[in-house]
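Have the picture open while you read.

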Amino acid sequence: MNSWITNWKKIKIKVKQIIKKQPAGQQETDWQNCPQCKKISYFPDLTANSYICECSYHFDCPPKFRLDNLFDSTYEMIEAPDNINPDPLQFEVGEKYKYIDKIKKYRKVTGQKTALLCASGFIQNLRSVVVVFNPKFGAGRFGPAENEHFLKAADRAIREKVDMWIVIYQSSGIDVHTGVTGLAGMPKSIIALNEIKKAGIPTFAIAARAVAGGTFGSSFYMHDFIIIESKYVENLLFSGKRVTANILKSLDQIPEDFGMASSIIKSGLADMTLENRKELKDTLVKLGSIILKKEVSLDKKDSTSDIPEEQIPTSLQKTSEAV
């Protein structure tokens, strides 16, 4: 006769078999562990809830999912230039690996040529170009290929005289494997943002996860609006806590919330933090319509609330009243 001890042993064996079959670093399971509440959630339920856990923790979500949820219906992809070498230094680490092999792996896993996914279309009746960093492509690297993809999207926005330029950042920074050719992306992206602003196009930076290094130190803070996707966003910083602590040494103490959403808002480096990513579309539409003085109907399907009036800059409140 089976006892509860025997049954428990069978369950443990089954769990071990499931864990053993699960490939490391890949989403091949129907279950996802939340780093915030430690709860194991059914993955289809997470996707149905915009990749948000019941505790409100925000998981990374695919760039294609973001585009599908931002644009009204159809949109046109802005493909990456074909003539850019993603590994100009032919970087190698002895006999361990060639960097070009990593690039090939990133492309295979994501189905993208670069770490960016760019598209043009309508968000309500506002013509927009959206650029999304993919953290699964080299931690959202910003190398030579990404530089040129970014410039191509910016040129498209200027030529079409779009209503909004939106970048969703999830980037670890400049790709160190590409040397000075990668670093050139910093001034290039700054020049691109300047040209977009000269064209009178409102620009929005969305911090969806880590934004660090050269990406943080260049185009991110060039935008008109800095929006943090949720209070769980962290690592919004140029260098990590450990590196920064080594630089400061005994001169200063790193605060507990260094690089976290709460710290960025408190220091005045961002304009608002959303309750969750479901508010993003309506937030962009409302801000865009106020700036451009265009009448739009807000999409309430995934919205939980409008932007609180206290979060709208005073100058925009006045503009809204004048419309």
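What follows is a chat about ring pairs in this predicted model.

Trainee: How many aromatic pairs are there here?
Mentor: Two rings pair if their centres lie within 6.5 Å. Going by that rule, the count comes to 16 aromatic pairs.

Trainee: Take tryptophan 31 and tyrosine 42: is their pair stacked, edge-to-face or tilted?
Mentor: Their centres are 5.2 Å apart, with 50° between the planes. Stacked needs under 30 degrees and edge-to-face needs over 60, so an angle between those limits gets the remaining name. This pair is tilted.

Trainee: And how many residues apart are those two in the chain?
Mentor: Tryptophan 31 belongs to strand E1, while tyrosine 42 belongs to strand E2. So the pair links distant parts of the chain, and the two residues are 11 residues apart.

Trainee: Is tyrosine 42 buried, exposed or partly exposed?
Mentor: Buried means under 20% and exposed means over 50%. Tyrosine 42 has 35% relative accessibility, so the label is partly exposed.

Trainee: Where does phenylalanine 137 sit, the partner of tyrosine 106?
Mentor: The two ring centres are 5.4 Å apart and the planes are at 45°, so this pair is tilted. Tyrosine 106 is in helix H4. Phenylalanine 137 is 31 residues away, in the loop between strand E7 and strand E8.

Trainee: Is phenylalanine 137 buried or exposed?
Mentor: The cut-off for buried is under 20%. Phenylalanine 137 has 1% relative accessibility, so it counts as buried.

Trainee: Which charged residue sits over the ring of tyrosine 97?
Mentor: Look for a charged end 4.5 Å from the centre of that ring. It belongs to lysine 102.

Technical notes
Residues are numbered from 1 along each chain as its sequence is written. This is a predicted model: local features need pLDDT of at least 70, side-chain atom pairs count only at pLDDT 80 or more; totals for chains, interfaces and linings use all residues. Side-chain values use heavy atoms; hydrogens and water are left out. Rings of Phe, Tyr and Trp (its six-membered ring) pair if their centres lie within 6.5 Å; planes under 30 degrees apart count as stacked, over 60 as edge-to-face and the rest as tilted. Helices (H or I, at least four residues) and strands (E, at least two) are DSSP runs, numbered from the N terminus. Buried means under 20% relative accessible area, exposed over 50%, partly exposed in between (1.4 Å probe, protein chains only). A charge sits over a ring if NZ of Lys or CZ of Arg is within 6 Å of the ring centre and within 35 degrees of the ring normal.
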